[in-house]
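Thanks for coming. I have one structure to go through today, so let me put it up.

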Amino acid sequence: MKLSGIIGYPVTPFVESNTNIDLEKLGHVIDLLIEGQTNAIAALGSAGEAAYLSETEWKQVADFTVKHVGGRVPVIIGISQLTTEQAVKYAKYADQVGADAIMLSPFSYYKLQEDEVFQHYQSVSDATSLPIMIYNNPATCGVDMSPEFMLKMVDEIENATMIKESTGDIQRMHKIYKLSGGEVPFYNGCNHMALEAFNAGASGWCTAAPCLIGNQPKKLFDAALAGRNDEARELFYQQFEFLEFIVSSGLAAAVKAGFSILGTDVGAPRKPLLPLNENATKRLSTMLQELGCSQ
């Protein structure tokens, strides 16, 4: 499976007490992403607060997402467990409920060696037939994988077929493209690098932005793909401040605040995450208005 375009990340809505997941509102979030012309849905990433969900909740979100999407677009399920045993368990569940792919992070408390990371991915690949997106995000996972190492895994691990690069270093993307001869699909995980990433040959962009600004990221991707460089640059800079803000403010908190601004309460982020403060919320409201998004 080769994905292309915008991969949209839903937040996980909670009821007011933050003790239960609001599945009805999760369905609303997913529908908004699809209406915003996302080409795939990636549940249970950092925007979805996967790290703060119990196993039961994680499974509930995975199952509901696949069923609610109902084949309209591919569904990717994020997996970032501390132990290989748990990662394998979650991967099997994603396969069981009908996900199209998994996005696997080598999340770790200890600094892992390459042979440990390789075995982690190999074990998950052996346990499921689902395509694996290798997810490199050292800022949250504590493990930094080089382009050479990730391409080695793509070459040697059967189901490892694609890469999500989120270090913020554009040279990593250039190297992935060059070393693979453009054959291995890779995806940008840094909002502020969207334009550069497309120019570097990225197959797509993983982002929670369409939750709030609809098809504007898709318009940027389409313009870049078609070689309409001036249009792509203009679209990117229109979105740039917003894209940078939701990351620097914390994706879950920022996107959930944005939903509230736009008239849908999806709950607060789960502690220890805190909601946006008043000044940040006002700034976000202004940016959404400037992007033509209002209640």
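This is a predicted model: local features need pLDDT of at least 70, side-chain atom pairs count only at pLDDT 80 or more; totals for chains, interfaces and linings use all residues.

Residues are numbered from 1 along each chain as its sequence is written, and side-chain values use heavy atoms, with hydrogens and water left out.

The sheet is a closed barrel of eight strands in the order 1-2-3-4-5-6-7-8, with parallel pairing. Neighbouring strands are turned by 30 degrees against each other on average, direction ignored. Strand 1, residues 5–8, pairs with strand 8, residues 204–207, over four bridges in the parallel sense; pairing takes at least two bridges found by DSSP. Within strand 8, W205 is the bridge partner of I6. Strands are DSSP E runs of at least two residues, helices H or I runs of at least four, both numbered from the N terminus.

Helix 3, residues 84–97, lies across strand 3 (75–79) and strand 4 (101–104), and runs at about 165 degrees to strand 3. Axes are lines fitted to C-alpha atoms, for helices over the stretch in contact, with angles from 0 to 180 degrees between N-to-C directions; contact means heavy atoms within 4.5 Å.

Now the rings. There are eight aromatic pairs, counted for Phe, Tyr and Trp (its six-membered ring) when centres lie within 6.5 Å; planes under 30 degrees apart are stacked, over 60 edge-to-face, the rest tilted. F198 and F221 are edge-to-face, because their centres are 5.3 Å apart and their planes at 70 degrees. F198 sits in helix 8 (residues 194–199) and F221 in helix 10 (residues 216–225), 23 residues apart. F198 is buried at 11% relative accessibility, and F221 is buried at 5%; buried means under 20% relative accessible area, exposed over 50%, partly exposed in between, with a 1.4 Å probe and protein chains only. Finally, W58, Y90 and Y93 form one aromatic cluster.
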